[in-house]
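Please open the structure in your viewer and keep the selection tool at hand. The stops below each give a selection and then describe what is found there.

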Amino acid sequence: MDNELELFRDNVSRFFADEILPSYEEWEHAGIMPREVWTKMGEAGLLCVDVAEEYGGIGADFPFSCVVLEEVARLGMMSLATNLAVHSDIVAPYVSHLGSEEQKQYWLPKLASGEAVGAIAMTEPGAGSDLQAIKTNAVADGDDYVINGQKTFITNGQHANLVIVAAKTDPAEGARGVSLVVVETDGATGFARGRNLRKIGLHAADTSELFFDNVEIPPENILGQEEGQGFYQMMQQLPQERLIIGCGAVGAMEGAVDRTIAYCQEREAFGGPLTQFQNTRFQLAECRTKTAVARAFLDQCMTEHLAGALTVERAAMAKYWLTDTQGEVLDACLQLHGGYGYMQDTAVGEMWADARVQRIYGGTNEIMKELIARAL
């Protein structure tokens, strides 16, 4: 697929550089992207690219979806990469793999076109990596279920039309009492969006509180049509989620290193470019090497994933190591930019701030190490 992937990569990079990047700084200051960006990306065929053609996608293989994330991150638009990852590579696969035929026909074309924006609501004020501790519940009430609870740190929360909610359908059963429920937010009585949360980085990625006050859903909105399967369903999807976080990490590293090399070749100090100094050259050599190793490991994990052989612990290795390395590389790149690197409007400075959360969401890197250790 190499030739096809590279041709696709060129087209993706050109679209985002020409159509999205010029407005990105404005969205960063606004703290949110305009809603019409989603339909613009949908019209270009860059949402849910691995969804089957019969459901509105282009039926590409999963690496093509990863290319979209890598190129957006390479351009320094990590906020957008995060929004896209949740929409195309987390929410859409849940519907594709677990939804009924009716749900797939209803939601997937809307997600692929940008008519609908997807979000997944797991985290709560008192429950992050420990998903067994969630308190949001979906209780059977006659022919329907009623959802009550609060979620926080929800990517795409301000725009989402489709929210997959992790809820307790049987609080007495712990992890076995968790179900995933599909909530259509348009016109949903009792559903409310809270603040668009202010963050250290990822400023253009809307991150929200969501509230559910006696929100009624029909029983067919239990994803997979069976109660108590939510924890298992999430565990099935998490390796891919952690792999796509790694894709963003590698794309960002590659983009930052290229920018920093160019800057050091152009910026002069003491009568010559910064690259006249051994320290600069050695730092760049280390960054380039770490990035190349990261790319090789990501490609290896991608090969395993396509073969259905990517294990939980292997995905945890990728998520933890690639995002830790992203932090190291971005920190070195910022340092080489000097004072300009610390400016918010400098691309590398923004990429540095955006990189920090990569070690937190998708399961903290400490949790990743625990998963790896269990398999030793």
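**Cysteines, a helix and a surface patch**

A search across the whole of this structure, which is a predicted model, finds zero disulfides. To see this for individual residues, select Cys301, which is in no disulfide, and then Cys247, whose sulfur is the nearest cysteine sulfur to it at 9.8 Å. Cys301 counts as buried, because its relative accessibility is 0%. Select Cys333 next, together with Cys287: Cys333 is likewise in no disulfide, and the nearest cysteine sulfur, that of Cys287, lies 4.5 Å away, whereas a disulfide would call for sulfur atoms within 2.5 Å. With a relative accessibility of 2%, Cys333 counts as buried.

Move on to helix H10, which spans residues 365-374, and pick out Asn365 there. Is Asn365 buried or exposed? Asn365 is buried, since its relative accessible area is 3%.

For the last stop, select Tyr340, Tyr342, Met343 and Trp352, which form a nonpolar patch on the surface and together have about 490 Å² of accessible area. Trp352, one of these residues, is found in helix H9, residues 347-355, and counts as partly exposed because its relative accessibility is 35%.

Definitions and conventions
Residues are numbered from 1 along each chain as its sequence is written. This is a predicted model: local features need pLDDT of at least 70, side-chain atom pairs count only at pLDDT 80 or more; totals for chains, interfaces and linings use all residues. Side-chain values use heavy atoms; hydrogens and water are left out. Patches are made of residues with over 30% relative accessible area and no salt bridge: like charges are joined within 9 Å, nonpolar side chains (Val, Leu, Ile, Met, Phe, Trp, Tyr) within 5 Å. Accessible areas come from the Shrake-Rupley method with a 1.4 Å probe; for residues, only the protein chains shown count as cover. A salt bridge is a side-chain nitrogen of Lys or Arg within 4 Å of a carboxyl oxygen of Asp or Glu. Helices (H or I, at least four residues) and strands (E, at least two) are DSSP runs, numbered from the N terminus. Buried means under 20% relative accessible area, exposed over 50%, partly exposed in between (1.4 Å probe, protein chains only).
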